[in-house]
Amino acid sequence: MSSTTLDAPLLPAARVAKVNWSVCALALAALLATPLFLGDYYLHAMVLAMIFLLPALGLNLILGYTGMLSLAQGVFFGLGAYASALMSIHFGTPFLVNFVVAGLFAGLVALPLGIPALRLRDTSFVMCTLGMVVIAQMVSKNWVDFTRGDMGLSGIARPRLGFGDMVFTVVKAPEYFYLVLAVAALAVAAFVALIRSPAGRCMVAIRDNETLAESLGVPTWTYKLIVFMLSAVFAGLGGSLYAHFSTVVSPLVFQSYYSNTILIIVLGGGVGKVPGAIIGSFVFVAVSEALRITPELRMIIYGFVLLGLVFLFPQGLAPLFQKAAERIARLGHRGKETHHVG
């Protein structure tokens with residue numbers, strides 16, 4: 001009896017749009033110049049947007065490319081924040097060590113949680129991840145000896161970068177901006193490399209038809225567990241950045257607000273699209289910050305904005321931005337042709 005082998009051409013290609021490198025270069029150049037034109041308040045908002053980009057990338061990976069809705073991204077975000085805070089306060093370890101440990105810790109915690117959870121399907125899996133949020137909230141509040149409960153952890157050290165005598169502490173808003181921008185750019189590059197790899201094709205196959213993918217030899221459960229852990233790593237890294245940026249961590253990071261914000265970023269930006277989480281993180285953090293001028297009506301207006309976006313852009317904002325980028329590229333191409341003819 002012959003065994004079925006996994007032939008790569010049998011799997012559907014990952015549905016990833018081609019990267020418009022000219023648009024990416026322009027966007028990066030604009031971001032690099034941002035601190036020259038914006039004040040500290042607006043830079044603060046942009047830093048938060050890029051911090052939340054990391055857990056949003058993880059959710060986009062598990063939801064958009066594997067087809068599993070997880071509400072536990074806020075849990076792993078909080079675990080990364082607490083891990084980094086505890087390392088900094090009790091051991092005085094440098095930022096880079098805390099950053100790596102936070103990501104690895106979140107991924108390792110996701111392993112025993114994911115083994116039973118991924119045996120479930122659809123709504124049962126969603127409810128299981130929601131249960132993780134409730135448990136994390138209770139543990140962080142009641143394990144006072146470790147987390148200090150509602151008092152939280154304060155005095156987290158500012159990031160220190162460099163070696164030997166060339167060490168400086170990141171304190172000012174522009175410095176934080178460039179630090180988080182570098183991390184976010186690396187995270188996006190890793191995300192794109194992953195979904196364009198053969199593993200990314202297997203993830204898309206699981207999302208589109210898990211039974212068919214399994215019949216072709218794809219170890220679906222193993223892939224889902226790895227993706228669940230990787231999504232937790234992204235969230236944990238974002239939590240570490242958040243802890244060192246705010247210098248205070250409390251059980252509030254485990255509130256469903258954070259998981260909901262990450263979910264809104266992905267759904268509003270565009271599920272399963274490379275620029276979806278990027279666009280969503282900037283747009284929705286910007287909207288939230290802009291509405292601070294009306295604190296009483298802030299959440300009501302924010303809710304109506306979300307409803308409007310759902311009806312006007314059911315596939316998220318990414319397709320709208322992609323069409324605009326394509327139009328700009330065509331105009332640039334026509335301009336070159338006109339110049340060449342002239």
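Mentor: Contact here means heavy atoms within 4.5 Å, and please keep in mind throughout that the model is predicted.

Trainee: Which side chain makes a polar contact with the side chain of Ser288, and at what distance?

Mentor: A polar contact needs a pair of N or O atoms within 3.5 Å. The pair in question is at 2.5 Å, and the partner of the Ser288 side chain is the side chain of Arg298.

Trainee: Does Ser288 count as buried or exposed?

Mentor: The cut-off for buried is under 20% relative accessible area. Because its relative accessibility is 12%, Ser288 counts as buried.

Trainee: Turning to the cavity count, how many residues of the lining of the largest cavity are nonpolar, polar and charged?

Mentor: The count comes to 1 cavity of 30 Å³ or more, and the largest cavity has a volume of about 30 Å³. Its lining consists of Leu59, Ser70, Leu71, Gln73, Ser259 and Leu263. These divide into 3 nonpolar, 3 polar and no charged.

Trainee: For the protein as a whole, what percentage of residues count as buried?

Mentor: The protein has 14 helices and 4 strands, and it exposes about 17,900 Å², of which carbon and sulfur atoms supply 69%. Of its 342 residues, the share that count as buried is 45%.

Technical notes: Residues are numbered from 1 along each chain as its sequence is written. This is a predicted model: local features need pLDDT of at least 70, side-chain atom pairs count only at pLDDT 80 or more; totals for chains, interfaces and linings use all residues. Side-chain values use heavy atoms; hydrogens and water are left out. On a 1 Å grid over the protein atoms alone, a cavity is a set of points where a 1.4 Å probe fits but cannot get out, and a pocket is an open set with protein on both sides within 12 Å along at least five of seven lines; lining residues have an atom within 4 Å of a point. Grid points are joined across faces, edges and corners, and a volume is the space filled by probe spheres set on the points. Ala, Val, Leu, Ile, Met, Phe, Trp, Tyr, Cys and Pro count as nonpolar, Asp, Glu, Lys and Arg as charged, and the others, Gly among them, as polar. Buried means under 20% relative accessible area, exposed over 50%, partly exposed in between (1.4 Å probe, protein chains only). A polar contact is a pair of N or O atoms within 3.5 Å; within protein, one must be able to donate a hydrogen and the other to accept it, and residues adjacent in sequence count only if both atoms are side-chain atoms. Helices (H or I, at least four residues) and strands (E, at least two) are DSSP runs, numbered from the N terminus. Accessible areas come from the Shrake-Rupley method with a 1.4 Å probe; for residues, only the protein chains shown count as cover.
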